[in-house]
Amino acid sequence: MNVGGSYLEVNLLTEVMRIKVRRATQLLLFQRHREPGVKGWELKRALGKNYLKVLEILDSELEKIGLQVKMVKPKDVEDLDKARFMITVREPLNVGDATSSGWRIDEIAALAASVAFIISKHGKVQRRELEELLEDKFPKWFVEYSISKFIGRGYLKRESGGVLTLGWRAEVEVDKKLLLNLILRSKTEQS
Amino acid sequence: MSKRKRRPIEKVRRIIHTCRMVEERGLNPFNVEVREELKMLDGQLDDLKSYEELCLDVEAVNMLTKVVKAQKDWLSEEASVFYTDPAFIEYKLRKIPTKAIVDAFMMAWKPIACVEEISKEKLVEAIDYWNRLKPLKSRWSKFTGGHKPGGYIELEELKRQGLIIDETFYKDLERALDELREACKTRGSVSYWSFISGKSFEETVRRAYMLSFLLTYGYAELKKIPLREDYIVTPRERVEAKTPSESLPISIDYERWRKLSGGESSD
């Protein structure tokens, strides 16, 4: 009888966890706010105190289809309730995937250069400086259009005094260290 | 003599300005010689006499502590994104082919996955809402008492409702200026919050509104009180602005007004 009871309990627990994982997937995948992702406190309210365990299980499930759960903490904040959780792709995409989802190759290049340039300048640049860099390779109208698009999509953030910083999306989606490393290792056009 | 007196405070202002540039523009915080600046501030402390000068000195010290924090952040940033000369990265960005930049970015970019579709539950909720929603005509009639044909409104009525202004606005403005002059009779100036604070919240907002026009037209001057969320307002003869004017938003909310008026409320 005991064996049967504990078997039922385990089954029940598994079922509860399965429901929570399903709920977590819905919460994380369906865009609820203007910015994607869900705050830790929202997940705690929806999934209970052990929401991190639920996310761990969800992450291992998502691994099978090339996705992952990612957590982004605000600067200088340790409280997980204030962190933002979202689902991102696990492996890098190829250029074809990006272009088929609406990105032009020159836009990706401008975005890459903008992000790398801002990282190299310790996270803050004057918009004029960035424009000057991009205008080296792209026409002025394209540069202005692209910077506005990157700001709108959350890759760049407009600060006071004409300063640009990295936006929340760049912080989430771009591996900054890897990007700089790869750019430094790239061969220049002359060589 | 006056020149000698002015010098120490100018140094303090220079420190505040430099620190602010570091904070706002992201300049290299190590360009500020914090130790030297602190020594200098310490050395000239006896030369600072007025309350305002001492406040500026405190503000300078406060700004220097922020620079020290920025130096710490700068170092940890360099440690996390292994330090490379920005000029070298800029050189590489200008020289490498566009395709190489794209390839590098694609390796480092993992976009967010999200579904921009309506879920089944939300769809059911939406249909239910639609079914319960009354036609626009009946909803509007609830507030307006049915559809009324268009008509004319008298000029006096518009003035009464405050939709248009007439000469009374300028009279009010003159009255506000007189009040300001009266308030500044003894000390020459008055605190912004104490001047605008009125018996009711509406009155406070109205006084702030009138004062904003006096400032815009150059009949009064506004100076920030260092380290406090307050300003000094001084009346003056009208001055034509030679430089482009700046906007200064100051928000007034009900809670703040209640604090100013000592916890009383109008309701």
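Tutor: Strands here are DSSP runs of E with at least two residues, helices are runs of H or I with at least four, and both are numbered from the N terminus. Two strands count as paired if DSSP finds at least two bridges between them. The hairpin of β2(B) and β3(B) has 4 residues between the strands, and B:L227 takes a positive phi near 60°.

A word on what you're looking at: this is a predicted model, where local features need pLDDT of at least 70 and side-chain atom pairs count only at pLDDT 80 or more, while totals for chains, interfaces and linings use all residues. Residues are numbered from 1 along each chain as its sequence is written, and chains are lettered from A and ligands numbered from 1 in the order in which they are written.

Zooming out, chain B has 12 helices and 3 strands. Of its 267 residues, 17% are buried, meaning that 20 or more other C-beta atoms (placed from the backbone) lie within 10 Å of the residue's own. Take the contacts in chain B with a separation of 6 or more: 63% of them link residues 24 or more positions apart. A contact means C-beta atoms, placed from the backbone, within 7 Å.

Where chain B meets chain A, 35 residues come from chain B and 50 from chain A. On the chain A side, α5(A) gives the most, with 11 residues. By class, that side has 30 nonpolar, 10 polar and 10 charged residues; nonpolar covers Ala, Val, Leu, Ile, Met, Phe, Trp, Tyr, Cys and Pro, charged covers Asp, Glu, Lys and Arg, and the others, Gly among them, are polar.

Chain A has its own open sheet of 3 strands, ordered β1-β3-β2 with antiparallel pairing. Its edge strands, β1 (38–39) and β2 (67–72) of chain A, each pair on one side only. Between β1(A) and β3(A) there are 2 bridges, and A:V38 stands opposite A:F85 in β3(A).

How far to trust chain A? Its pLDDT (the predictor's confidence in each residue, from 0 to 100) averages 85, and 90% of the residues score at least 70.

Definitions and conventions. A residue is buried if 20 or more other C-beta atoms lie within 10 Å of its own, exposed if 12 or fewer, and partly exposed in between; C-beta atoms are placed from the backbone. Two residues are in contact if their C-beta atoms, placed from the backbone, lie within 7 Å.
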